[in-house]
Amino acid sequence: MQRRNFLVAGVLGTAGVAFFGAKSLYSYDIFEQERDFAVPPLYEGEVKNGKRVFNLNLQRGQMEFFKGLKTETIGINAPFLGPTLRAKKDDFIKVNIKNSLGYDSTIHWHGFELPARMDGGPHQVIKNSSIWSPEFAIKNRASMLWYHSHLLHQTGAQVYKGLAGLFIIDDDESLNTNLPNEYGVDDIPIVLQDRNFNSDGSFRYVSSMPENMMGVHGNYVLVNGVIAPTLKAKKKLMRFRILNGSNARYYLLGFSDNRKFKLVGTDGGLLEKPVKLSQIKLAPAQRVDIVVDMSDAKDVVLKSYKGAISQSRGMMGMMMGGMGFDREFDILKIKSKDAKAGSAKVPANLVQHPVWNPKEAVGVRNITLQIRMGMGMMNRSSRDDNFFINGKSMDMNRIDAIAKKDAFEIWKVVNKSPMAHPLHIHNTQFKILSINGRLPYPSESGFMDTVSVDPMQIAYIMVPFKYYSDAKVPYMFHCHILEHEDGGMMGQLLVT
Ligand code: C2O
Ligand code: CU
Ligand code: CU
């Protein structure tokens with residue numbers, strides 16, 4: 001059998017199987033056919049009259065994820081995904097976003113601290129054929145944030161087709177760390193997205209009811225839009241900035257030879273000190289910044305280990321495990337025989353974080369996450385609301401929380417459901433104080449915009465709202481399992 005047919009058969013195989021029996025993630029050597037690693041193009045905009053201006057076009061396109069098979073996609077200045085935008089803290093940016101999709105969309109600036117009107121959530125719809133031009137000063141510290149569609153009830157579908165991209169922010173502190181910093185050479189962005197395909201090559205999005213409940217988990221993992229690519233490392237120290245851009249899948253990342261790496265940053269920027277680890281858990285929407293030593297010239301595979309999902313007992317646990325959501329699988333091959341050069345280092349101290357005293361908080365806000373379970377839900381489509389925050393599903397006409405600018409709040413996030421939920425809050429980079437009584441893990445210890453709370457657990461986080469207020473336009477807070485967000489697990493927050 002020819003290789004091409006082999007891969008096509010793989011597609012047919014997974015697409016043809018009923019969801020409950022879906023065999024997941026590569027029963028064969030996914031690296032047998034070598035595919036080149038793709039680096040998203042870097043786009044630093046143009047400085048005009050003191051503004052850094054970017055021009056983006058939301059467009060339709062086609063990709064060949066499998067040789068000989070076309071997939072209809074959408075992207076930003078590209079058929080699938082978008083360029084990596086890059087700017088410096090305190091830059092004033094303007095982004096002209098033209099919508100050429102043929103239908104409505106939005107572009108949300110995930111992780112940014114910015115004016116509510118510029119946020120790009122469900123209230124800032126970009127109509128087909130129109131242009132939206134948000135502009136704001138960059139307040140965030142050096143970090144890798146991202147942008148993606150946030151259209152009400154359609155975020156999952158639009159991100160799945162490709163409407164997402166990265167945004168790297170630099171600052172003086174980060175540029176002075178001596179960390180690997182050459183984009184695409186030793187500073188490598190990685191967007192992880194799992195996808196399912198139909199036998200004709202088209203994306204298969206939400207094909208069964210359980211996918212609405214548990215979120216859509218794909219049988220193939222795209223790395224910057226390529227299935228199981230091979231990266232040729234050129235430097236001894238390689239930095240990987242990894243976004244879990246998946247709709248619902250959790251990853252427990254590590255290397256095939258168990259080599260240790262250094263965690264240097266989380267969602268909202270660099271840690272104070274690097275932490276040596278061999279595995280790291282990444283919930284949907286979260287990012288990690290790691291540095292790996294490749295000077296031994298060995299080939300190694302970045303993979304996801306079993307244990308990514310914390311299952312609760314009972315029906316849900318069985319479904320999550322039984323459907324192959326918690327499996328070991330390969331993601332990316334790294335060849336390092338040429339990884340010889342480089343003078344980058346990971347310093348013992350990276351940056352300084354301000355000290356936040358929980359006693360400064362103005363109060364505790366209770367956030368309860370719930371799912372409607374059982375047959376009532378089984379019969380519903382994704383448009384119906386089965387997901388709740390504090391007993392309510394998302395309503396564009398209801399404000400759920402009002403916070404004060406310049407104040408800290410403690411959010412007590414209680415997960416009263418049998419699934420983990422990554423709760424994301426707009427317009428803030430917060431710190432996790434505790435999760436079920438334990439201190440945050442290293443990957444949760446820095447600035448975060450998304451906190452994952454396991455089934456029946458409670459997280460306490462300390463949340464600042466700085467810089468901007470708006471008496472009318474709300475920010476969103478929501479579960480970043482996109483099918484949960486689209487299904488109602490989202491609320492609206494005013495910062496006044
Ligand atoms: Cu990444 Cu409200 O989103
Ligand atoms: Cu966001
Ligand atoms: Cu959720």
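I will describe the overall fold and then turn to the metal site.

This is a predicted model, in which local features need pLDDT of at least 70, side-chain atom pairs count only at pLDDT 80 or more, and totals for chains, interfaces and linings use all residues. Residues are numbered from 1 along each chain as written, chains are lettered from A and ligands numbered from 1 in written order, and side-chain values use heavy atoms, without hydrogens or water.

The protein chain contains 7 helices and 33 strands, taken as DSSP runs (helices H or I, at least four residues; strands E, at least two) and numbered from the N terminus. Its radius of gyration is 21 Å, close to the 23 Å from the globule rule for 496 residues, so the chain is as compact as a globular protein of that length. That radius is taken over C-alpha atoms, and the rule is 2.2 Å times the number of residues to the power 0.38. The C-alpha trace spans about 65 × 60 × 50 Å along its principal axes.

Which residues coordinate the copper ion (ligand 2)? They are His108 and His424, each through NE2, at 1.9 Å; donors are N, O and S atoms within 2.8 Å of the metal (3.2 Å for Na, K and Ca), and sites may look incomplete because water is not among the atoms. His108 belongs to strand S7 (residues 108-110) and His424 to strand S28 (residues 421-425), 316 residues apart.

Are these histidines buried or exposed? His108 is buried at 1% relative accessibility, and His424 is buried at 0%, where buried means under 20% relative accessible area, exposed over 50% and partly exposed in between (1.4 Å probe, protein chains only).
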